[in-house]
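Please walk through this structure step by step.

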Amino acid sequence: MAQDERGCLIVKAPLVSTDPVVTNDLVELLSYKKFIWLGRTDNVINSGGIKLHPEQIEAKMARHIDVPFFVAGKADDSTGERLVIILETEEPEVVEQLKAQLVVKKNFPELSRYQIPKEVYAIHHFERTDNGKLKRGATLRKIIDQEVSES
């Protein structure tokens, strides 16, 4: 195993391919056999020069949130991207409860200050592929389009 210049995993699997397999998985190599998976390179959020890995943030937040959710980067003039959280719910009280929890950072002690979402959004249904995989970008665009049409 190795990493490319992006920090993505390169796997040498002679039984699968004669060429090394370059993934889009960001990893921290621990040895030539072990690594820590950080997330997908195409999901990384760059907020004021800080690289945030949604998968890590979501794992830390999962025990506190009872509805489907994901975090994403929303375009921001001052930081490049602003960390936001999107909930799949029709219940406004769930959104308000999470907003109140996020204000008191001690409710999420495992998150750094950069990993605390700055905005909370809700949508009735996430955009998904035919096989049920979450379409992060399409769902975020739907939220942004809705926000623009309301202003």
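Buried means under 20% relative accessible area, exposed means over 50%, and partly exposed lies in between. The model is predicted. Arg 128 has a relative accessibility of 37%, so Arg 128 counts as partly exposed.

Start with the partner of Arg 128. Its side chain meets that of Glu 88 in a salt bridge, 3.4 Å from N to O. The pair links distant parts of the chain. Arg 128 sits in the loop between β9 and α3, Glu 88 sits in strand β8, and 40 residues separate them. Is Glu 88 buried or exposed? Glu 88 has a relative accessible area of 16%, so it is buried.

Salt bridges that share partners also build a network, which joins Lys 74, Asp 76, Arg 82 and Glu 119. Within it, Asp 76 bridges to Arg 82, and their closest N and O atoms are 3.3 Å apart. Asp 76 is buried, at 16% relative accessible area. Arg 82 is partly exposed, at 29%.

Another pair is Arg 40 and Asp 42, whose side chains form a salt bridge at 3.7 Å, N to O. Arg 40 is partly exposed, with a relative accessible area of 29%. Asp 42 reaches 53% relative accessibility, so it counts as exposed. The whole structure holds 10 salt bridges.

Now turn to the nonpolar side chains. In soluble globular proteins, such side chains tend to be buried together. Here the largest nonpolar core has 19 residues. Met 61, Ile 65, Ile 85, Leu 87 and Leu 98 touch the most other members. Which elements supply at least two residues each? They are α1 (54-61), β7 (69-76), β8 (80-88) and α2 (92-103). The most comes from α2, which gives 4 residues.

Leu 98 then contacts Ile 65, Ile 85, Leu 87, Phe 108 and Val 120. A second core is separate and has 9 residues. Among them are Ala 72, Val 84, Phe 126 and Leu 140.

Leu 140 leads on to a helix. Leu 140 is buried in α3, as are Thr 139 and Ile 143. Where do the buried residues of α3 fall around its axis? They lie within an arc of 100°, so they line one face of the helix. Their cover includes β7, β8 and β9 (119-123). The face turned away from the buried side carries the exposed residues Arg 141, Asp 145, Val 148 and Ser 149. Along its length, α3 (residues 136-150) has 15 residues. It reaches 21 Å from its first C-alpha to its last, close to the 21 Å expected at 1.5 Å a residue.

Finish with a sheet. It is open and has 4 strands, in the order β1-β2-β3-β4, with antiparallel pairing. Which strands stand at the edges? They are β1 (2-3) and β4 (35-40). Each has a single partner strand, so one side of each is left without a neighbour in the sheet. Gln 3 stands opposite Leu 9 in β2.

Methods: Residues numbered from 1 in each chain as written. Predicted model: local features only at pLDDT ≥ 70, side-chain atom pairs only at ≥ 80, totals over all residues. Heavy atoms only, no water. Core = buried A, V, L, I, M, F, W, Y, C linked by side-chain atoms within 4.5 Å. Buried < 20%, exposed > 50% of the residue type's maximum accessible area, 1.4 Å probe, protein only. Contact = heavy atoms within 4.5 Å. Pairing = 2+ DSSP bridges. Expected span 1.5 Å × (residues − 1). Arc of directions from axis to C-beta. Salt bridge = Lys/Arg side-chain N within 4 Å of Asp/Glu carboxyl O. Lists of a residue's contacts leave out its neighbours within four places in sequence.
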